[in-house]
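Biologist: Hey, can we go through this one together? I'd like to start with the words we'll need.

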Amino acid sequence: MSRPPFLTLPPCARAYRLATERGEFAVHDTGDGGAAGPGARPVALLLPGFTGSKEDFIGLLEPLDAAGFRVVAVDGRGQFESGGPRAEAAYAQEELARDVRALAAALGAGAGGRPVHLLGHSLGGLVARAAVLLGPEPFASLTVLSSGPGAVSASQQHRVELLLGALSSMGMAQVWEAMRALDQSPGAAGQAPYSEAEAAGTPAEVEEFLRRRWLSTVPEQLVATGRQLREEPDRVTELAGLALPFHVVSGAEDDAWPVPQLDAMARRLGARRTVVPGTGHSPNAERPGETARALARFWRTVSG
């Protein structure tokens, strides 16, 4: 899971619940700087990954705000502070995709409004892709961050399968303790830390946040989206048929979707490709400054 580098919101951002036609969602929002109408700042909507939340993007807020963008990071349905129903059907991919489109509409996209730059991290990339495939009109661009063409790698499918098995027989608190014990054991699951940042350890306040976030996540959301990670088909050809600018961003090492697979996906999409050195599955949290610069360069090109 992504580990935010810190938890204090920068002065440019505020936390609140954004009302949409599909309910309210907890967000971090850097605001429009008082601008409105045609002169308003371009908007970027950021979707977190499996077990994640809006806090995974906290290091991007200030640099992207300074670069001239209104940034809105969201807890999706069933994630952390957004909450959601206790029914797996509520977290079908199309349901999550329609939530994304409702969020974009609430931020002014569609019906003559300015389109939104959409970014999805990991699982969020699959959801973002599904939202765009329902119709690209509300979106100015699509960035997939550490998210691949279909299902996750075989090793990660196995880890997700273990998690789903645990969720079927244990409570969320028990599963958390089991996960932490596994992570802290020597050679856990044959995995090395993804990056220097992860290897350096997690501050106590961030570790407590991770536990609180986990316990606030709706279990049915984890089960439904975990299955999506294991079963997602390759939809790159379908996506490439859309007249939309694409950006594929990843760390230099990633076991969820191997980097060569992401390189190939970018070629199939005709996408801009960015690799953030020294990072693994979460460049947004591991090296947010470099990641923000790459995102801003792409969005400026698209926004003209």
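Predicted model: local features only at pLDDT ≥ 70, side-chain atom pairs only at ≥ 80, totals over all residues.

Biologist: What does arginine 300 touch?

Modeller: Leaving out residues up to four places away in sequence, arginine 300 touches Ala67 and Phe69. Also, arginine 300 and proline 42 are 258 residues apart in sequence, and their C-alpha atoms are 9.0 Å apart in space.

Biologist: Let's move on to H10. Which of its residues are buried?

Modeller: Helix H10 covers residues 259–269, and its buried residues are Val259, Leu262, Met265, Ala266 and Leu269. They cover an arc of only 115° around the axis, so they sit on the same side of H10.

Biologist: Got it. What's on the face of H10 turned away from the buried side?

Modeller: That face carries the exposed residues Pro260 and Arg267.

Biologist: And what covers the buried residues of H10?

Modeller: The cover includes strand S6 (139–145), helix H9 (236–240), strand S7 (246–251) and strand S8 (272–276). Just after H10, glycine 270 takes a positive phi of about 65°.

Biologist: Speaking of phi, which residues have a positive value although they're not glycine?

Modeller: Serine 122 is one of them, with a positive phi of about 55°. Serine 146 is another, with phi near 55°. For background, most residues other than glycine have a negative phi.

Biologist: Where are those two serines?

Modeller: Serine 122 lies in the loop between S5 and helix H3 (123–133), while serine 146 is in the loop between S6 and H4.

Biologist: Are they buried or exposed?

Modeller: Serine 122 has a relative accessible area of 8%, so it counts as buried. Serine 146 is at 0%, so it's buried too.

Biologist: Since S5 came up, what about leucine 119? Where is that?

Modeller: Leucine 119 lies in strand S5, residues 116–121. Its relative accessibility is 0%, so it counts as buried.

Biologist: What's around leucine 119?

Modeller: Not counting residues up to four places away in sequence, leucine 119 touches Leu45, Leu46, Leu47, Phe57, Thr143, Leu145, Leu295 and Trp299.

Biologist: New topic: helix packing. How do H4 and H8 pack?

Modeller: Helix H4 (residues 154–169) and helix H8 (residues 219–231) pack at an angle of about 160°, with their axes 10 Å apart. That angle makes H4 roughly antiparallel to H8. H4 passes H8 in a left-handed crossing.

Biologist: Which residues meet there?

Modeller: From H4 you have Gln157, Val160, Glu161, Leu164 and Leu167, and they meet Leu222, Val223, Gly226, Arg227, Leu229 and Arg230 in H8. By class, that contact has six nonpolar, two polar and three charged residues.

Biologist: What about H2 and H3? At what angle do they cross?

Modeller: Helix H2 (residues 93–106) and H3 cross at roughly 75°, and their axes come within 8 Å. That makes H2 roughly perpendicular to H3. Gln93, Leu96, Ala97, Val100 and Arg101 of H2 make the contact with Leu126, Val127, Ala130 and Ala131 of H3. By class, the contact has seven nonpolar, one polar and one charged residues.

Biologist: Last one: is leucine 126 buried or exposed, and what is it in contact with?

Modeller: Leucine 126 is at 1% relative accessibility, so it counts as buried. Leaving aside neighbours within four places in sequence, leucine 126 is in contact with Gln93, Ser147, Gly148, Gly150, Gln228, Leu229, Glu232 and Trp257.

Definitions and conventions. Residues numbered from 1 in each chain as written. Heavy atoms only, no water. Buried < 20%, exposed > 50% of the residue type's maximum accessible area, 1.4 Å probe, protein only. Helix = DSSP H or I, 4+ residues; strand = E, 2+ residues; numbered from the N terminus. Arc of directions from axis to C-beta. Contact = heavy atoms within 4.5 Å. Axes fitted to C-alpha atoms, helices over the stretch in contact; angles between N-to-C directions. Parallel < 35°, antiparallel > 145°, perpendicular 65-115°, else oblique. Left-handed = near helix turned anticlockwise from the far one by under 90°. Nonpolar A, V, L, I, M, F, W, Y, C, P; charged D, E, K, R; others polar.
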